[in-house]
Structures are given as structure tokens and as C-alpha cells.
Amino acid sequence: MAISLLIVGHANTGKTSLIRTMVRDHTFGKVQNQSGTTRHVERITLSLADQPLLHLVDTPGFEDSMGLWQTRTSEPFVQLSNEQWLNAICEDPNYQVEYEQELKILRQLNQCDVILYVIDLRQKPLGKYLDELNILACANKPIVPILNYCHEEAGHRTAWKQCLAERHLHAHVQYDTVAFYLADERKLYQTLQSLMPDHYEALQDFMTQRERDASHRLTKATEQLTKLLIECATTQKICRSKTPSALEKATFEQSIRQREQLFVEFCLHLYAFQASDVILQDLPLEEGAWQQDVFDADTLKHWGIQTSTKAVTGAAIGAGIDVLSAGLTLGTATTLGAMIGAGLQTGYTFKSALLNKLKGQSVLALQPTSCIVLMWRGIELVRHLHHRGHAAQVAYQGNMAMKTEPDELARLERLFQKLSQRTEWHGIETLPTHELVNQLRDTLDQSLKD
Ligand SMILES: Nc1nc2c(ncn2[C@@H]2O[C@H](COP(=O)(O)OP(=O)(O)OP(=O)(O)O)[C@@H](O)[C@H]2O)c(=O)[nH]1
Ligand SMILES: [Mg+2]
């Protein structure tokens with residue numbers, strides 16, 4: 001038999017949000033920043049290996065608990081036991097209209113195993129909330145207080161803990177339904193394990209599965225981000241003149257942005273969110289940050305060519321490049337063209353880039369600094385989705401903070417510079433086993449670890 005959890009609390013404390021986050025389903029119920037959003041009891045089930053494990057029962061919020069609790073000590077109920085009062089008031093025609101919402105909660109009390117009492121920590125433990133606890137205690141069922149909004153500043157945590165302790169409610173759980181942490185969720189299931197020992201093993205397996213799923217999602221997202229970065233770093237667009245036209249630049253930028261958008265969509269699907277959960281601002285691409293000089297010293301070195309000047313440009317080719325593999329000094333562009341045509345071992349892409357340059361064309365490619373921006377956006381997005389509760393209402397717009405130390409920045413620039421030369425990796429399905437790919441993957445793993 002599955003465990004039945006009754007989710008109760010004052011209106012607008014986040015009951016429906018808690019269920020959405022627990023089931024990772026943003027479509028459950030209706031969530032709104034106003035009281036009285038949930039008007040009816042609604043259920044959803046969490047399963048383990050296709051067997052129902054937990055029934056989560058959402059209820060309308062308490063509105064007038066003080067009035068309801070007063071009836072407990074008035075005629076005709078004062079002589080009754082707590083349990084008898086609960087049953088009697090649910091049936092009494094005099095109270096059906098006044099306490100319509102509250103009675104919907106009370107009618108569920110008999111059928112549940114555990115009550116999760118959701119507290120909005122931004123509110124002080126006022127009398128009306130304490131009366132809700134008094135009413136719930138009449139059912140003689142275990143109550144687990146859920147301290148919601150636990151990641152908000154300046155909550156009333158201490159005052160609440162004190163009030164709960166006075167009512168012998170020591171095993172509370174913090175659980176922010178918007179800023180979600182697996183460790184908080186684990187505490188909830190551990191509390192359930194102690195209350196429902198018959199379900200200990202099943203709850204343990206469930207937690208293990210959840211943790212495995214979370215780690216699997218992170219691995220998938222990291223792998224996809226590695227692919228995005230390699231794909232973008234190796235994207236090149238050959239332009240028809242020495243200076244790329246506005247249209248050529250726009251097309252190139254568009255291709256990078258589309259690739260990033262595909263990554264966002266992949267992550268949204270992976271973490272079971274919808275398109276409206278992430279509305280990224282456009283990738284900032286500065287004018288002029290695009291044109292890569294494929295003839296810079298590093299690029300040439302990669303192909304076994306040593307330049308006589310530090311930053312040789314296309315125009316300076318004629319001034320002299322030592323082709324070490326051939327042991328020759330090239331005097332003119334024509335000679336170089338002939339060398340390439342004759343099968344210089346520099347790889348197809350570089351050959352075509354050289355030839356294009358010689359033909360008065362140019363190449364657009366992503367600068368290492370733009371690759372780093374892309375990387376940070378990706379890391380922040382994955383981090384956000386990993387901790388985004390399924391009740392979150394505000395769309396994520398991206399975090400542009402570049403928290404990189406100068407040394408690390410220089411290392412990343414060198415890494416992306418080297419990656420950008422690996423144009424043979426552009427568009428490949430499976431990433432190669434290569435030191436550069438490992439370095440990139442390690443960088444992402446490290447950043448996503450905490
Ligand atoms: N920042 C933050 N907002 C939350 C949290 N939990 C709920 N909210 C917001 O609080 C509002 C109310 O959430 P609901 O889940 O509808 O609350 P409820 O208790 O089901 O409300 P009723 O059905 O009206 O009783 C929504 O705007 C939620 O987005 C939380 O942990 N942190
Ligand atoms: Mg609700």
C-alpha cells in the first residue's frame with residue numbers, strides 16, 4: 001500500500017508548489033500568488049518501478065482556523081473527543097458554508113498516513129497558524145512541518161522552531177519549492193522513513209533513484225555543453241571578400257545563437273521544464289569580435305608552420321613563413337599556393353583557409369573570449385535548472401557574471417584558441433578522445449560540481 005501524504009497549510013503558503021516540485025511536474029494544479037487558488041482536493045502519485053509509493057493529496061488552504069477552532073469548545077461539540085469533533089463538524093449542516101474550504105481538509109484527515117504542514121517562513125507564527133496545528137493534531141496523525149521559503153532572507157525560522165518544539169514537532173523539514181536542493185528533499189524522505197518503517201526500503205530505493213537521475217541529468221547536460229562549445233568554437237564561415245559583409249556576419253551570428261538555443265531546448269527537456277521557464281537574453285556579440293585571423297602565430301604553429309613575425313597576418317604571408325616540415329622559406333603567396341596545391345601536410349581545412357585568403361576571401365569564426373562567454377552562460381543555465389523547483393514562476397534570463405580569475409581566463413582563451421583550429425571536429429556526433437576535449441570537459445565538471 002502506498003503512503004498517503006496530506007499537504008495542508010494556510011492559504012498561499014506553497015502547498016501546490018511543494019507537490020509540483022516533489023513530482024517534477026509544473027503542470028500539476030494551479031499556482032498563483034494569492035489565497036484560495038486551490039479550491040478542491042487533488043491527488044497525484046509518485047511511483048517506484050511502476051508501483052505507487054506516495055499519494056500526494058493537495059488541499060485548499062485554511063482561511064479561518066481561529067473561528068473553526070473556537071467551535072471545538074462550544075456546544076454541541078465541547079463534550080466530544082477530538083476525533084469525534086472532527087467527524088461531527090464535517091457532517092454538521094450549520095458549518096458547511098462558513099467553513100466550506102476547511103472542511104474539505106478535515107474530511108481528508110482520516111484517510112491519510114502523514115500530514116505535511118506547509119509553513120511560509122516569511123510569516124510570523126501567528127495565532128491563526130497555531131490554531132491550524134491544534135485542529136490538525138485532533139486527527140492523531142504524524143505531522144511533518146515543511147519550512148517553505150527556507151532560502152529567503154529574514155524569515156522567522158527561529159520563532160517557528162520554538163513554536164513547533166512546544167508542540168513536540170521536532171522533525172521539521174526545510175524545502176524551498178523554488179530554489180530546490182536534493183539534500184532538503186532527502187531529509188523529507190528520511191523523516192518519512194522514520195514515521196513509516198514498513199516503507200523504509202522502498203523510500204531508500206526511491207531516494208537512490210532520484211539521486212541517480214539527478215547525477216545522470218548533470219552528466220548529460222555537461223556532455224551537451226561540451227558539444228555546443230566545440231561546435232561553436234569550430235564554426236567557420238568563409239566570406240567572399242576580405243571584409244565580411246553585414247549579411248555574412250549576421251548569418252554567422254545567427255548560426256551560433258541557433259546552436260545555443262538548441263542547447264537550451266535540450267536542457268529544458270532534460271530537466272522537464274517548458275520554454276517559458278528560460279528566456280535568455282541574446283548572446284552578446286561585439287562588433288569586430290568575430291573575425292578570426294587564421295594566420296595568427298598559434299594557428300600556424302598548430303600546423304607545423306613557424307612564423308618569422310609574432311603576429312603574422314594574411315597580408316604578411318608573402319613576407320615569410322618557415323614551413324618546418326618542408327624546411328623551406330616561402331617568398332611569395334604564389335609559392336605558398338603552389339606548395340599547398342602540391343600537398344603540403346597541413347590538413348584540408350587550413351589549406352582551404354589559406355587558399356581562400358589568397359583568393360581575397362576571409363573567414364568568420366568565434367573568438368575565444370566569445371566562446372568563454374558561451375561557456376559561462378551554459379554553466380549558469382545548467383546550474384540554475386539543476387536547482388530550479390518545478391513551482392518556480394519567474395523565467396530565468398541568464399547570469400552574465402564572469403567570475404574567472406585572470407590566469408584561468410588566459411588558460412581558457414588558449415584552450416578555445418586551440419579548439420578553434422580543430423575544424424575537423426565540426427559537426428561530428430561523437431566527441432573524439434583527445435586531451436583538448438578532456439580539458440574542456442574537466443573545466444565544466446569542475447564548475448558544475450558545487
Ligand atoms: N520564492 C518562493 N516562492 C514560493 C515558494 N513556494 C511557493 N511560492 C510562491 O507562492 C505563491 C503561492 O503558491 P501556491 O503553491 O499556489 O500556494 P498554495 O498554498 O497552494 O495556495 P492556495 O492553494 O491558495 O492555498 C506562488 O506565487 C508561488 O510561486 C518558495 O519556496 N519560494
Ligand atoms: Mg494550492
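Student: Which residues of helix α3 (residues 82-91) are buried?
Tutor: This is a predicted model. A residue counts as buried if 20 or more other C-beta atoms lie within 10 Å of its own. In α3, the buried residues are Trp85, Leu86 and Ile89.

Student: Why do the buried residues of α3 line one face of the helix?
Tutor: An α-helix has 3.6 residues a turn, so residues three or four places apart point the same way. Seen down the axis of α3, the buried residues line one face because they fall within an arc of 100°.

Student: Which exposed residues does the face of α3 turned away from its buried side carry, and what do the buried residues pack against?
Tutor: The face turned away from the buried side of α3 carries Gln84 and Glu91, both exposed. The buried residues of α3 pack against α2 (65-72) and α4 (100-109).

Student: Strand β5 (residues 143-148) is mostly covered. Which strands do bridges join to it, β4 and what other?
Tutor: In β5, 5 of the 6 residues are buried. Strand β4 (residues 114-120) runs parallel to β5, joined by 6 bridges, and Asp120 stands opposite Asn148 in β5. The chain crosses from β4 to β5 through helix α5 (residues 127-137), in a right-handed β-α-β crossover. The other strand, parallel to β5 and joined by 2 bridges, is β6 (residues 173-174).

Student: Which helix gives the most to the shell around ligand 1?
Tutor: The shell has 6 nonpolar, 16 polar and 2 charged residues. Among the closest are Gly14 and Ser17. With 3 residues, the helix that gives the most is α1 (residues 15-23).

Conventions. Residues numbered from 1 in each chain as written. Chains lettered and ligands numbered in written order. Predicted model: local features only at pLDDT ≥ 70, side-chain atom pairs only at ≥ 80, totals over all residues. Near = placed C-beta within 6 Å. Helix = DSSP H or I, 4+ residues; strand = E, 2+ residues; numbered from the N terminus. Nonpolar A, V, L, I, M, F, W, Y, C, P; charged D, E, K, R; others polar. Buried ≥ 20, exposed ≤ 12 C-beta atoms within 10 Å, placed from the backbone. Arc of directions from axis to C-beta. Contact = placed C-beta atoms within 7 Å. Pairing = 2+ DSSP bridges. Right-handed = clockwise from strand over helix to strand, strands pointing away.
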